[in-house]
Amino acid sequence: MKLFTFLRGEAFARGIHPPEHKGTAHQPITRLPFAPRLIVPLSQNVGRPAKPLVKVGQDVVRGQPLAEADGFVSVPHHAPVSGTVEAIRLNPTSTGVWTESVVIKAHAGSTQAVEWEEPQDLAALDDSGVIAAVQRTGIVGLGGGVFPTHAKLKVPKEFPVDTLVVNGCECEPYLTSDHRIMVERARDIMIGIEMSRRLLGNPRAIIGVEDNKPDAVEALRAALPASGEVTVEAVPTKYPQGAGEMLIKTLLNREVPPDARSYSVGAYVQNVATLAYMGALAPRGRGFIERVITVAGTAVERPGNYLVPMGTPLRFLLDYVGAPQEAIEVIYGGPMMGQAVACLDAPITKGVSGILVFRARELAAPSAKKSFPCIKCGKCIESCPMGLNPSTLGMLAAKRQYDTMADTYRLGACFECGTCSYVCPANIPLVQQFRVAKQVLRGKPEKAA
Amino acid sequence: MTVEIRSAPHIKDDAGVVKIMRNVVWSLLPICGFYVWQYGVSALASLVVVTCACLAAEEFFLRLGRQSGDLGDWSATITGLLLALTLPPGFPLWMGAMAGFVAIGLGKAIFGGIGHNLFNPALVGRGFAQAAFPTAIATYTPSFLPDRFTDFIPSSLALPFMTPADTASWVAGLNIDGVSGATPLARWKFEGVIASNWDLLTSLSGHLPVGPSPLLILACGLYLAYRGYLDWRIPVAVLGSAALLAAALYPLNPQHFPDPGFVLFSGGLMLGAVYMATDMVTSPVTPLGMWLYGALIGALTVIIRYSGGLPEGVMYAILIGNAATPMIERITQPKAFGTEPTKETRA
């Protein structure tokens with residue numbers, strides 16, 4: 001911790017400092033070639049699956065809508081490649097669940113320029129028009145939330161937002177895609193910020209960037225609008241600084257109550273990558289067909305920040321970056337909160353910010369190690385950013401006292417950052433137990449008041 | 001084709017229970033070495049016999065089954081070394097072995113093994129020895145005796161269930177001037193003589209019948225705290241509250257009450273504060289609870305020393321602190337983010 005941040009005391013309480021492993025931070029964004037076949041699942045995000053607009057055998061051009069939104073909390077999906085619709089069939093996703101997908105065979109000789117767009121003057125549209133324009137891009141929360149971005153922009157009027165908090169923390173180890181976007185696409189971020197500010201009633205905007213990315217801070221500062229309404233703050237590098245609640249605490253010293261949205265304390269959080277794509281795509285009326293993804297991990301020969309077409313099969317990407325396809329562990333997202341990929345035949349979808357590949361048994365995951373009973377060292381309590389007592393919660397989970405966990409020890413406030421499991425010297429799979437407990441509680445009927 | 005699937009987080013801090021325990025053992029080695037330098041073969045034999053008894057007991061109860069942990073987790077080694085350090089150097093070896101067995105058996109195994117015990121096992125063992133062998137445990141011998149590396153203190157080698165040899169006449173027979181077996185605490189309690197703080201801090205002066213240097217214990221504790229294997233709050237709270245209470249009482253009756261320095265550096269307070277009260281399993285898990293627990297132990301130590309029949313009170317203070325731990329945890333739950341403090345509701 002730098003002395004000045006210590007003196008200002010501006011970070012959220014507790015948290016951890018896992019090794020950063022951000023070796024790809026200075027590798028410019030490079031394009032991944034198109035796979036011969038791309039697979040676009042109709043359900044990639046929170047909300048209803050999209051409804052297909054294309055037929056088998058039909059030719060599509062890159063950027064053309066393949067499926068339209070089904071209702072407000074739903075987004076369209078666009079063709080990531082010019083080609084022929086080969087099939088609309090069930091295909092496995094990364095979790096192993098099979099889902100309806102559009103399979104496109106790429107045209108081998110195509111230049112693959114984006115041939116489909118509907119430019120529009122957003123300034124001339126009313127708020128709902130802008131929100132509809134954002135919906136047409138098909139963007140969802142790219143920080144991993146995968147909630148449709150346009151739906152999140154509709155903040156209830158009774159909650160005035162005074163600050164747009166732009167999340168450029170990228171606190172997960174290994175991941176550098178947001179970092180590269182901030183360095184290389186600061187202008188797009190500013191356009192996205194201005195669009196969001198307009199819809200939120202012109203609050204000020206603060207871009208929070210962890211202080212391990214000074215070049216990103218510099219690039220953003222150089223691109224700031226002259227109005228002075230947007231500022232950039234370097235925040236302490238500490239996991240999980242990138243959690244919305246923690247960044248609000250750090251920047252504004254406000255605590256979002258559990259079960260409340262951040263706008264209840266006047267803040268609205270949006271991820272930098274989401275804003276960058278919103279700024280790049282919405283005014284030109286283009287669809288979200290590719291994104292920057294960090295590919296890293298010890299089993300990757302050529303790690304980097306790749307611009308990956310949506311629907312690229314994971315196997316194709318592993319092959320391109322020189323990763324083995326046997327005896328590996330693949331993680332979508334960061335190592336703290338990312339999800340292990342169960343099926344290598346899965347395509348890459350909108351919510352994937354990083355792809356980490358390790359050789360089997362290489363990661364010292366808690367579940368792979370011998371576990372001891374809790375020795376009550378208190379490290380989990382000293383690290384939990386939400387001020388919970390994972391030690392006691394873990395003991396209650398072992399006894400299946402899920403109601404006590406929720407009612408007395410505020411299990412509901414846990415956002416599963418994994419800090420407790422990371423620090424536990426007894427290798428107790430704490431956050432894993434909490435996920436099970438929440439799952440069980442969700443299945444229970446509501447208790448009579 | 002195989003892919004590994006795990007539930008996040010996929011990475012892990014490398015500090016584990018075994019690593020913590022191993023580091024505690026390493027940090028105890030200089031202290032044990034100093035103890036052997038002070039008292040020679042008797043101290044060495046005591047450390048070895050008591051520790052082996054603890055390990056044997058651990059193995060025995062592990063084989064009985066339904067115990068957590070294993071010999072390789074080093075916890076029984078820590079119990080053995082600490083127990084030996086709290087016993088007089090000439091404590092009969094058979095009594096030490098018995099205390100070691102009781103420490104693991106009654107202190108840990110009956111609760112289900114590592115992580116489940118309510119009381120510090122080493123202090124349970126010492127409590128047993130205090131009750132069963134009151135004379136032997138109060139019998140200290142002078143340190144740095146000339147023949148300590150060749151001759152055992154005669155009481156060490158007492159046969160099981162036999163009365164140990166009389167060390168007082170043995171010490172008298174050595175014909176060394178100004179040497180007695182009375183500890184500084186006993187001399188303060190029963191003779192009103194207060195040793196100098198510096199002598200107590202280093203344990204080096206003359207032939208003081210005391211344990212290893214509090215200064216050394218403090219240094220080893222600092223190493224552990226620096227590495228994150230010991231919670232600094234507890235020793236600070238124990239020593240702080242003992243010093244504060246002693247400082248408050250001292251002006252009332254300087255003839256009767258010792259100065260705070262004497263309270264901190266005499267007896268087993270330093271070893272207790274740094275190595276016994278900090279036992280993770282038996283101390284509160286909450287940060288605020290650690291402060292309360294430490295303060296309670298420090299205050300109880302002073303109260304027991306000043307008003308009790310025996311000169312020392314650290315062991316009882318820590319055991320009472322251990323007993324209060326569940327209650328302390330209950331009232332010191334952390335404040336959840338964005339909420340008022342958690343209220344404990346009884347199930």
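A crossing of two helices is called left-handed if the near helix is turned anticlockwise from the far one by less than a right angle, and right-handed if clockwise.

First, the ground rules. This is a predicted model, in which local features need pLDDT of at least 70, side-chain atom pairs count only at pLDDT 80 or more, and totals for chains, interfaces and linings use all residues. Residues are numbered from 1 along each chain as its sequence is written, while chains are lettered from A and ligands numbered from 1 in the order in which they are written.

Now the two chains. Chain A has 14 helices and 17 strands; helices (H or I, at least four residues) and strands (E, at least two) are DSSP runs, numbered from the N terminus. Chain A has a radius of gyration of 22 Å, close to the 22 Å that the globule rule gives for 449 residues, so chain A is as compact as a globular protein of that length. That radius is taken over C-alpha atoms, and the rule is 2.2 Å times the number of residues to the power 0.38. Along the principal axes, the C-alpha atoms of chain A fill a box of roughly 65 × 55 × 50 Å.

Chain B has 15 helices and 0 strands. Its radius of gyration is 21 Å, close to the 20 Å from the globule rule for 347 residues, so chain B is as compact as a globular protein of that length. The box for the C-alpha atoms of chain B is roughly 80 × 55 × 35 Å along the principal axes.

How many residues does each chain bring to the contact? Chain B gives 39 and chain A gives 58, where two residues are in contact if their C-beta atoms, placed from the backbone, lie within 7 Å. On the side of chain B that touches chain A, 18 residues are nonpolar, 14 polar and 7 charged. Here Ala, Val, Leu, Ile, Met, Phe, Trp, Tyr, Cys and Pro count as nonpolar, Asp, Glu, Lys and Arg as charged, and the others, Gly among them, as polar.

Next, a helix pair in chain B. Helix α1(B), residues 17–39, and helix α3(B), residues 75–86, pack at an angle of about 25 degrees with their axes 10 Å apart. Axes are lines fitted to C-alpha atoms, for helices over the stretch in contact, and angles run from 0 to 180 degrees between N-to-C directions. The two helices are therefore roughly parallel to each other; angles under 35 degrees count as such, over 145 as roughly antiparallel, 65 to 115 as roughly perpendicular and the rest as oblique. The crossing of α1(B) and α3(B) is left-handed. Residues making this contact include B:L28 and B:I31 of α1(B) and B:I78 and B:L81 of α3(B). By class, the contact of α1(B) with α3(B) has 10 nonpolar, 2 polar and no charged residues.

Chain A has a helix pair to show as well. The axes of α4(A), residues 177–184, and α6(A), residues 214–223, come within 7 Å and cross at roughly 35 degrees. This crossing of α4(A) and α6(A) is also left-handed. From α4(A), A:H179, A:M182 and A:V183 meet A:D215, A:A216, A:A219 and A:L220 of α6(A). That contact divides into 5 nonpolar, 1 polar and 1 charged residue.

On to the sheets of chain A. One is an open sheet of 4 strands in the order β11-β10-β9-β12, with parallel pairing; strands pair if DSSP finds at least two bridges between them. Its edge strands are β11(A), 230–235, and β12(A), 267–271, each pairing on one side only. Neighbouring strands in this sheet are turned by 25 degrees against each other on average, direction ignored. Helix α5(A), residues 186–200, packs on the sheet and touches β9, β10, β11 and β12 of chain A, its direction making about 150 degrees with that of β9(A). Between β10(A) and β11(A) there are 6 bridges, and A:I207 has A:V232 in β11(A) as bridge partner.

Another open sheet has 3 strands in the order β3-β5-β6 of chain A, with antiparallel pairing. There β3(A) and β6(A) stand at the edges with a single partner strand each, so one side of each is left without a neighbour in the sheet.

Last, two cis peptide bonds. One runs from A:Y239 to A:P240, with omega near -5 degrees, and A:P240 sits in the loop between β11 and α7 of chain A. The other runs from B:A8 to B:P9, with omega near 0 degrees, and B:P9 lies in the segment before α1 of chain B.
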